[in-house]
Amino acid sequence: MLDNLWLIPALPFTGFLILAIIGARMPRSVAAAIGAGSVGASALVALGIAASFMAAPPQGHVYTQLLWRWIDVGGFTPDIAFTIDALSLVMVFVITIVGFMIHLYSTESMAGEEEGYSRFFAYMNLFVGSMLTLVLADNLLLLYLGWEGVGLCSYLLIGFWYKDPANGRAAMKAFIVTRVGDAAMAFGLFILYHNLGTLQIHEVMVRAAEQWPSGSTLAVAAAALLLGGAVGKSAQIPLQTWLPDAMAGPTPVSALIHAATMVTAGVYLIARTHVLFTIAPQVQLAVAVIGAATLLLAGISALTQWDIKRALAYSTMSQIGYMFLALGVGAWSAAIFHFMVHAFFKALLFLSAGVVIDSLHHERDMLKMGGLRRQLPIAFWCFLIGAASLSALPLITAGFYSKDLILWETWTSAQGGPWLWAAGLAGALLTSIYAFRMVFLTFYGKPHSDAQHEISDHSGLRIRIPLITLAVLSLLGGFVQVPETLGDLPLFSEFITTALPATVSVSNAFSESAMQYLSGVVSLLGVFIAYIFFLYNPLYARNFVAKPFGYALHCFLYGGWNFDRLYDAIIVRPFAYAARANKRDVIDLFYRLIALLHIVANHILSVTQSGLVRRYAFGIALGAVIILGMAVFR
């Protein structure tokens, strides 16, 4: 079964090619079947490979499939080869299963599109294929190919409704901001190949550990540049500004980008190259600090958003921050565990929000919603389950087990500490508040629009099946890593440590059960605070915002801490000014002078073209006399 590994990315790519070439000329039902079916088939192959891999693990718990030699130039010989181990197996499982659910949902939710139906699925297939290439790549060059493919698809999908200029600007913003990180990553690959002589991932890790001592300049430089790429793709500070604007795309696009694919690429990159970060402890600490800062800043901003999709976008930034925090403290398995659980509940939240938005005729403002739980019962219960898992409500949700593991290992790990742990705990409180703020504003209270009286749930099976499946996974997905204090079943950590090192623990001031109680109480406290301010008496929040200081603070946080204005002031405007000042381009002056000389020479020579034969004969004779005279005198 492992020999079929190549089919996992090949099937979505095949679907893309078919849809891109003849999709516009085929019936919609056929285009939907190819788009969703190719990803579903890839998911079935992935499940078969997972069963085979776990039943009879290959030697070293790693299997590599070489397809062909890609490049052979000057000793540089990267291959088209795929590798499967515990880490890539978890990533592939999540990408294909969640990706298929989103595709199935899209076949119904996008049915109202007058044009671009097959184009949408072509882009989605290319997106999934690129992400699968990224996580299965045996070498960093092939990984980078998938990395750039994901970036291209994000541009295409965010700007899918390209007739609206705002969507085009959002797509361009995502493309340009992530290019900053991608350029840094490319320089990191140059350093690795120049100094280690290979880009094959396993060999890079072995040679780096052997040749570079801990804290060496080259190790720090390479790890820092790879971190730059990860920060861009995963929307972490300071390259996080593109993600809220990415909500311009259709809701399934938001679910795919924010749940299982693009924003988690940075998490995978750091985990896959963990040896580099281990021998560059300064950079590993920076990973933790960036994650802690992002989870707090994004969590606070989420409290001020009225657009339900933008609130979920800031939530994604915050939850990816948790994964970065875990990676930074060496809690590798906790980071990947939270990645898996986050994919379930965040896809569920986006798809449930999509049902609400479509039912309200594309209304996304939560202040114009309210009281929808009776009219949209399936969307309500699924969104509630997703919000509960996001908030890490104790014992009954998957998010509790993944977030508790991050907090526990942040507290006890050698690279962690009380400040990073405190940031994670504060983030847990913020998460509960903004998650149930969305629940209360959207589904409770009184309707805020007369149009809501005409709403009814028209969702078909192709929408309900993904929602219910993801809801079940959001509740039960955490039981693959039940803490020892609750049942002694840490299956996930045991499996993932065949590819990633175990967390090194040095502190145990509190018992793990005490930490679980504390995190559970904090999550419930956040729900209570959200209830008081957004359901029991919303005037508390409104009165605060009505005051000058409260209004200014709200605007500041609503704008994402004004990072866009900051970048506009220090980067965009100076660049635009320099472009205007240099509109004649000094660099091109030399070439314009050459062109001017040719024009002048042309005018001079054109004078000699009089059309009179006598003058031509005289010129020939004069030239002959001059040449003969020069020859004689010489």
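In the predicted model, the largest nonpolar core comprises 202 residues, of which L143, L192, W242, I336 and F436 touch the most other members. Helix α15 (residues 332-359) supplies the largest share of this core, with 20 residues. In soluble globular proteins, nonpolar side chains tend to be buried together. When residues up to four places away in sequence are not counted, L192 touches L140, G197, T198, L199, V204, W212, A222, L226 and L276.

H258 lies in helix α10, which spans residues 251-260. The relative accessible area of H258 is 1%, and H258 is therefore classed as buried, the threshold being under 20%. With neighbours within four places in sequence left aside, the contacts of H258 are L243, A246, M247, V263, A313, T316, H342, K346 and F350.

S118 is located in helix α4, which covers residues 117-136. The relative accessibility of S118 is 13%; because this value falls under 20%, S118 also counts as buried. Residues touched by S118, not counting those up to four places away in sequence, are L19, G23, A24 and A31. Towards G23, the side chain of S118 reaches the backbone oxygen at 3.4 Å. S118 and S29 are 89 residues apart along the chain, and their C-alpha atoms are separated by 9.7 Å.

Conventions: Residues are numbered from 1 along each chain as its sequence is written. This is a predicted model: local features need pLDDT of at least 70, side-chain atom pairs count only at pLDDT 80 or more; totals for chains, interfaces and linings use all residues. Side-chain values use heavy atoms; hydrogens and water are left out. Helices (H or I, at least four residues) and strands (E, at least two) are DSSP runs, numbered from the N terminus. Buried means under 20% relative accessible area, exposed over 50%, partly exposed in between (1.4 Å probe, protein chains only). Contact means heavy atoms within 4.5 Å. A nonpolar core is a set of buried Ala, Val, Leu, Ile, Met, Phe, Trp, Tyr and Cys residues joined through side-chain atoms within 4.5 Å. A polar contact is a pair of N or O atoms within 3.5 Å; within protein, one must be able to donate a hydrogen and the other to accept it, and residues adjacent in sequence count only if both atoms are side-chain atoms.
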